[in-house]
Amino acid sequence: MDAVRLILTSRRALAGSGGAPETMTEVWQAQALAQAIGSRLAVFGPPELRGEALGLTELAGRGCGVLDVPDLADGDLRAAQLTELGDARQALMHLGSLLGEVGIAMVGLASAADDETTYWQCMEAIDAADESRDRVLEMLRRLADREEVLAEREAG
């Protein structure tokens, strides 16, 4: 499945998640998907994005690592369903939105947390989502710079 479809599926699932366990599962899924997209961009993406994409892979992996691994049925891991990136710009724009929504969802969970462990787990996940989103925004900036250079070459 292409990245944009998987991201949109994750956004809908996150928005529709109910209690804390379901939301944490969707946050974990989103981070795993960001990790898979970063990995794919690091290997197959434009050369200008490879360093930032590798950084995204590491940060999103940290985002998964601070959360408990959800008990998913075979075939339910969205990141494993990623078969193609499609348009890198579109994928990154949607991924940035998803990561922003992850941060918002985690703020809600952190503010309602009954125990300190859950609170700090949420705070670490917020930090990882925010840093991952920063990497995505940097990759979008680099893509824009690349397109500007290519347009200048074609015009000149």
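**Figure 1. Gln121 in helix H5.** At 15% relative accessibility, Gln121 counts as buried, where buried means under 20% relative accessible area, exposed over 50% and partly exposed in between, with a 1.4 Å probe and protein chains only. Gln121 belongs to helix H5, helices being DSSP runs of H or I with at least four residues, numbered from the N terminus. This is a predicted model in which local features need pLDDT of at least 70 and side-chain atom pairs count only at pLDDT 80 or more, while totals for chains, interfaces and linings use all residues. Residues are numbered from 1 along each chain as its sequence is written, and side-chain values use heavy atoms, with hydrogens and water left out. Not counting residues up to four places away in sequence, Gln121 touches Met24, Val66, Leu67 and Asp68, contact meaning heavy atoms within 4.5 Å. The C-alpha atoms of Gln121 and Arg11, which are 110 residues apart along the chain, are separated by 21 Å.

**Figure 2. The span and the buried residues of helix H5.** The 40 residues of H5 should span 58 Å at 1.5 Å a residue, and this agrees with its end C-alpha atoms, which are 58 Å apart; the expected span of a helix is 1.5 Å times one less than its number of residues. The buried residues of H5 are Gln121, Cys122, Ala125, Ile126, Ala128, Ala129, Ser132, Val136, Met139, Leu140 and Leu143. These buried residues of H5 pack against H2, H3 and H4.

Figure 3. For helix H3 (residues 50-65), the 16 residues should span 22 Å at 1.5 Å a residue, and the end C-alpha atoms are 22 Å apart, which agrees. Buried in H3 are Glu52, Ala53, Gly55, Leu56, Thr57, Leu59, Ala60, Gly63 and Cys64, and the buried residues of H3 pack against helix H2 (20-44), H4 and helix H5 (116-155). Glu52 counts as buried because its relative accessibility is 15%, and, leaving aside its neighbours within four places in sequence, Glu52 is in contact with Arg135, Glu138, Met139 and Arg142. Gly55 is also found in helix H3 and, at 7% relative accessibility, counts as buried. Although Gly55 and Gly38 are 17 residues apart in sequence, they are 7.8 Å apart in space, C-alpha to C-alpha.

Figure 4. Two packed helices are described by the angle between their axes and the distance between the axes. The axes of helix H1 (residues 3-16) and H4 come within 9 Å and cross at roughly 20°, the axes being lines fitted to C-alpha atoms, for helices over the stretch in contact, with angles that run from 0 to 180 degrees between N-to-C directions. H1 and H4 are therefore roughly parallel to each other, since angles under 35 degrees count as roughly parallel, over 145 as roughly antiparallel, 65 to 115 as roughly perpendicular and the rest as oblique. By class, the contact of H1 with H4 has 10 nonpolar, 4 polar and 2 charged residues; Ala, Val, Leu, Ile, Met, Phe, Trp, Tyr, Cys and Pro count as nonpolar, Asp, Glu, Lys and Arg as charged, and the others, Gly among them, as polar. His94 has its place in helix H4 (residues 88-112) and counts as buried at 19% relative accessibility. Leaving aside neighbours within four places in sequence, His94 is in contact with Val4, Ile7, Leu8 and Arg11.

**Figure 5. Helix H2 against helix H4.** The axes of H2 and H4 come within 10 Å and cross at roughly 150°, and that makes H2 roughly antiparallel to H4. By class, the contact of H2 with H4 has 16 nonpolar, 2 polar and no charged residues. In this contact, Ala20, Thr23, Met24, Val27, Ala30, Gln31, Ala34, Ile37 and Leu41 of H2 meet Ala88, Leu92, Leu95, Leu98, Leu99, Val102, Ala105, Met106 and Leu109 of H4.

**Figure 6. Helix H2 against helix H5.** The axes of H2 and H5 come within 11 Å and cross at roughly 30°, which makes H2 roughly parallel to H5. The contact is made by Met24, Gln31 and Leu41 of H2 together with Gln121, Cys122, Ala125, Ala128, Ala129, Ser132 and Met139 of H5. These residues of the contact of H2 with H5 divide into 7 nonpolar, 3 polar and no charged.

Definitions and conventions: Helices (H or I, at least four residues) and strands (E, at least two) are DSSP runs, numbered from the N terminus.
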